[in-house]
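I opened my notebook and started looking things up one at a time. Here is what I jotted down.

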Amino acid sequence: MSTMLILLFVAVVALLALLIWAFLPRRDRGDKAFLGPKDGPARQHATYFGAIRQAMSEEDFDFLAARAPVRMVRRAHKERQRIAVLYLTELRGDFERLLRLARVISVLSPEVAVSHEFERLRLSMRFSWRYRIVLLGLHAGLLFLPQLSGLNQIVSQLAFRMEAAMKELGERAAIAAELATTLNRRGLDVC
Amino acid sequence: MNELGRLTEWLWAMTAILQMALLFSLVARRNASSYPAFSAYIFMTLAQSGLLFVVIGGWGFSSLASWGVGWASQFLVLGSRALAVAELCRHILGPFRGVWCLARRIFLAAGIIVLFYALAAAAHQWRLALTTTEMGLELGTATVIVLLLLFARYYDIVVAPPLRMLALGLCLYSCFSVVNDTILERWLNRYAAIWNTCGMAAFLGCLLLWSRAFHKTVPQAAVQPVLLDRGVYLKIIPEVNWRLRSLDQQLIQFWRLEAPRA
């Protein structure tokens, strides 16, 4: 009996915690635009990737390590880590925007597939968890940078292919208008 | 009626006045036509109060008649509350056909699972069957409302303030009832009077919240969203999921990175 009581109390506390969380405003709400022209936000960070890769290049670091004092090398390393963290944060922003696009498409679709929806939910939760671990690793100086290129490539390709798919369907303008209206209302309004 | 105590009587009177005021407000501001199930629920609670007032006044609080009428009316009220929750779900997710279809199945499954869990957890206590069933229904109701709000949050569906208040009131009252029923099960005899008073106080709080929500005419659902062609979903969403899977794989590789140099 006491176990059941404890479980029920835990269930109620969990429900109340979820209720509070459900009422909290979403952090990514302010970031409205995600569908746009070629230089739209979804591809913005890909544009800077060349410069970032140059800043992170192994050759430059080796050159610096061979000639500069240890203090400067350490400082350069810290700067690289900081840039990596910033870049990763921005990439996550891109990722969130694309996820949001997918959610809006789901909401505006007359039929959705349970398997696709659950898979996306599972993946986004897993990504969010792993992203935090990677960020923690970067902050702690445990991880290094080259693999960021793969991450960036995927996000950019996703943005590009989705845009292409919408063009192909010939409904991009209508959808963009609908989405823009929706986003301008900071979400999907119901009364 | 003396068995109930002054505070309970006062709360009872206050609750009845607020129920009538809310019901009047719902009808006068034409919210009753948009929210018929919720209006029916408020009417049922008012009718239950009146009925219990008469029965307890005639036969006493501890009589078998009061017990029977109390529980019978309570299950009718719970049924009407379940309909009010279903109405709330339809108001929030209804305009979005695909998501609503998905949500309905999930809410129903979750509600039934939670109800059966609560029933199974106390199956050996037959004398508490009614309380346990009520607790299961309340827990199921609270779960469905929380899931509804999580769904709305996940899909970026903005819930209008009156609906938020309605959901909040229904969920809080259900959670309170679960806690109350649980404690009642444990300390059944000596706790009954306090249980009644606490339950009425909580319901009074919810009535105030709902009165605030419906103090003016709640606007009808915004313009129905123009739904996309079925092909858009089928074309884009699998692509997104595939990309997300690849992205997830990339994140795994972060763990296999070289250590930073000194």
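How many helices and strands does chain A have? I looked it up and got eight helices and one strand. Before going on, I wrote myself a reminder that this is a predicted model.

**Chain A, the overview**

I read chain A along its sequence and noted the pattern α-α-α-α-α-α-α-α-β. Next I checked burial: of its 191 residues, 27% are buried. Then I turned to contacts between residues at least 6 apart in sequence, and found that 81% of those in chain A join residues at least 24 apart.

**Two helices of chain A**

I picked out H5(A), residues 70–107, and H6(A), residues 114–139. How do their axes run relative to each other? I found that the axes come within 11 Å and cross at roughly 170°. An angle over 145 degrees counts as roughly antiparallel, so that is how I labelled H5(A) and H6(A). I then listed who makes the contact: from H5(A), the residues include A:Gln81, A:Ala84, A:Leu88 and A:Arg92. From H6(A), I noted A:Glu117, A:Arg120, A:Tyr131 and A:Leu135 among them. Sorting the residues of this contact by type gave me nine nonpolar, four polar and three charged.

**Chain B, the overview**

For chain B I wrote down nine helices and one strand. The pattern along its sequence is α-α-α-α-α-α-β-α-α-α. Chain B has 262 residues, and 36% of them count as buried. Looking at its contacts with a separation of 6 or more, I saw that residues 24 or more positions apart account for 74%.

**Helix H4 of chain B**

H4(B) covers residues 64–93, which is 30 residues. Which residues of H4(B) are buried? My list includes B:Ser80, B:Val85, B:Leu88 and B:Ile92.

**The largest nonpolar core**

I counted 79 residues in the largest nonpolar core. A:Ile105, B:Ile92, B:Ile145, B:Leu148 and B:Ala167 have the most contacts inside it. Helix H5 of chain A gives this core its largest share, twelve residues. I followed up on B:Ile145: setting aside neighbours within four places in sequence, its contacts are B:Val85, B:Ala167, B:Leu170 and B:Cys171.

I found B:Ala129 in helix H6 of chain B, which covers residues 129–154. Is B:Ala129 buried or exposed? Exposed, because it has 12 other C-beta atoms within 10 Å, and 12 or fewer is the cut-off for that label. I also checked B:Ala129 against B:Thr45, 84 residues away along the chain, and their C-alpha atoms are separated by 22 Å.

B:Arg30 has a phi near 60°, and it is not a glycine. B:Arg30 sits in the loop between helix H1 (6–28) and helix H2 (31–34) of chain B. It counts as exposed, with 11 C-beta neighbours inside 10 Å.

B:Asp156 is not a glycine either, and its phi is positive at about 60°. I located B:Asp156 in the loop between H6 and strand S1 (157–159) of chain B. B:Asp156 has 18 C-beta neighbours inside 10 Å, so I put it down as partly exposed.

Definitions and conventions: Residues numbered from 1 in each chain as written. Chains lettered and ligands numbered in written order. Predicted model: local features only at pLDDT ≥ 70, side-chain atom pairs only at ≥ 80, totals over all residues. Helix = DSSP H or I, 4+ residues; strand = E, 2+ residues; numbered from the N terminus. Expected span 1.5 Å × (residues − 1). Buried ≥ 20, exposed ≤ 12 C-beta atoms within 10 Å, placed from the backbone. Contact = placed C-beta atoms within 7 Å. Core = buried A, V, L, I, M, F, W, Y, C linked by C-beta atoms within 7 Å. Axes fitted to C-alpha atoms, helices over the stretch in contact; angles between N-to-C directions. Parallel < 35°, antiparallel > 145°, perpendicular 65-115°, else oblique. Nonpolar A, V, L, I, M, F, W, Y, C, P; charged D, E, K, R; others polar.
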